[in-house]
Amino acid sequence: MTLYKVGKIVNTHGIRGEVKVITTTDFVEERFQVGNQLWIEQAGQAPIAVTIKQARPHKGTMLVKFAEFDNINEVEHFRNAQLSVTEADQAELEEGQYYYRQIIGLKVQTIDGRSLGTIKEILAPGANDVWVVQREGQSDLLLPVIDDVIKKVDLDAGLVTVELLEGLE
């Protein structure tokens, strides 16, 4: 079973088994809806299936209570664990939208065929994402994800074609 991260448990909250989660998904309302199933992943242990009993935003995080746990002692050891969903729980995206996992690792080339490197990371600083391209023997290249720069994403070929605007390189 392949799991994809949607959040990280960073702490407990109160004594009734709530956990504080930093979300790493664009679909917070969908992922943390009452009744949904998530998986708790901890290093060296099998994933544990949990059902959301309650979830609400709180100071930039989500407070989540699982149906399976009722007090702080049962959830304390989940601190720093990842929350994930299965591939079957992922929604189909609209044309031109991609999951981070689909983009990271793609090769990048210019419209004239010059190889630039591989996308190693995605930043989300504001209005648009920025793809970080690792280049051999050079500093990383930051590509804003806008139509003027990203010309074609071919997931099957593992390739992104870009037009470098003045000042990007």
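# Domains and annotation

The unreviewed UniProt entry annotates residues 6–88 as "domain: RimM N-terminal"; UniProt positions are given in the numbering used here, feature names are shortened, and annotations may be inferred rather than shown by experiment. This is a predicted model, in which local features need pLDDT of at least 70 and side-chain atom pairs count only at pLDDT 80 or more, while totals for chains, interfaces and linings use all residues. Residues are numbered from 1 along each chain as its sequence is written, and side-chain values use heavy atoms, with hydrogens and water left out.

Helices (H or I, at least four residues) and strands (E, at least two) are DSSP runs, numbered from the N terminus. The domain assignment gives domain 1 (3–89) and domain 2 (100–162); such bounds come from an automatic or database domain assignment. Taken over C-alpha atoms, the centres of domain 1 and domain 2 are separated by 31 Å.

# Nonpolar cores

In soluble globular proteins, nonpolar side chains tend to be buried together. A nonpolar core is a set of buried Ala, Val, Leu, Ile, Met, Phe, Trp, Tyr and Cys residues joined through side-chain atoms within 4.5 Å. Buried means under 20% relative accessible area, exposed over 50%, and partly exposed in between (1.4 Å probe, protein chains only).

The largest core here has 19 residues, and those with the most contacts inside it are Val21, Phe32, Leu38, Val64, Phe66 and Leu83. At least two residues of this core come from each of strand 1 (3–13), strand 2, strand 3 (37–41), strand 4, strand 5 (61–66) and strand 6 (82–86). Strand 5 gives the largest share, 3 residues. Leaving aside residues up to four places away in sequence, valine 21 touches Gly7, Lys8, Ile9, Phe32, Thr61, Met62, Val64 and Leu83, where contact means heavy atoms within 4.5 Å. A second, separate core has 15 residues, including Leu106, Val108, Ile150 and Val160.

# Salt bridges

The structure holds 5 salt bridges, each being a side-chain nitrogen of Lys or Arg within 4 Å of a carboxyl oxygen of Asp or Glu. One of them joins glutamate 18 and arginine 56, whose closest N and O atoms are 2.5 Å apart. This pair links distant parts of the chain, with glutamate 18 in strand 2 (residues 18–23) and arginine 56 in strand 4 (residues 48–58), 38 residues apart. Glutamate 18 is buried, at 10% relative accessible area, whereas arginine 56 is partly exposed, at 32%.

Another salt bridge is formed by the side chains of glutamate 30 and arginine 31, at 3.4 Å from N to O. Glutamate 30 is partly exposed, with a relative accessible area of 34%, and arginine 31 counts as buried at 5%. Glutamate 163 and lysine 151 also form a salt bridge, with 3.7 Å between the closest N and O atoms. Glutamate 163 lies in the segment after strand 12 (159–162) and lysine 151 in strand 11 (residues 150–154), so the pair ties together parts that are 12 residues apart in sequence. Glutamate 163 is partly exposed at 31% relative accessibility, and lysine 151 is partly exposed at 40%.

# Aromatic pairs

Rings of Phe, Tyr and Trp (its six-membered ring) pair if their centres lie within 6.5 Å; planes under 30 degrees apart count as stacked, over 60 as edge-to-face and the rest as tilted. By this rule there are 2 aromatic pairs. The ring centres of phenylalanine 27 and tyrosine 99 are 6.3 Å apart and the planes stand at 65°, so this pair is edge-to-face. The two residues come from distant parts of the chain, 72 residues apart: phenylalanine 27 is in the loop between strand 2 and helix 1 (28–31), and tyrosine 99 in the loop between strand 6 and helix 3 (100–103). Phenylalanine 27 is partly exposed, at 26% relative accessible area, while tyrosine 99 is buried, at 13%.

The rings of phenylalanine 69 and phenylalanine 78 have centres 5.3 Å apart and planes at 65°, so this pair is edge-to-face. Phenylalanine 69 counts as buried at 14% relative accessibility, and phenylalanine 78 is buried at 1%.

# Threonine 12

Threonine 12 lies in strand 1 and is buried, with a relative accessible area of 15%. Beyond residues up to four places away in sequence, threonine 12 touches Glu18, Val19, Ile72, Val75, Glu76 and Arg79.
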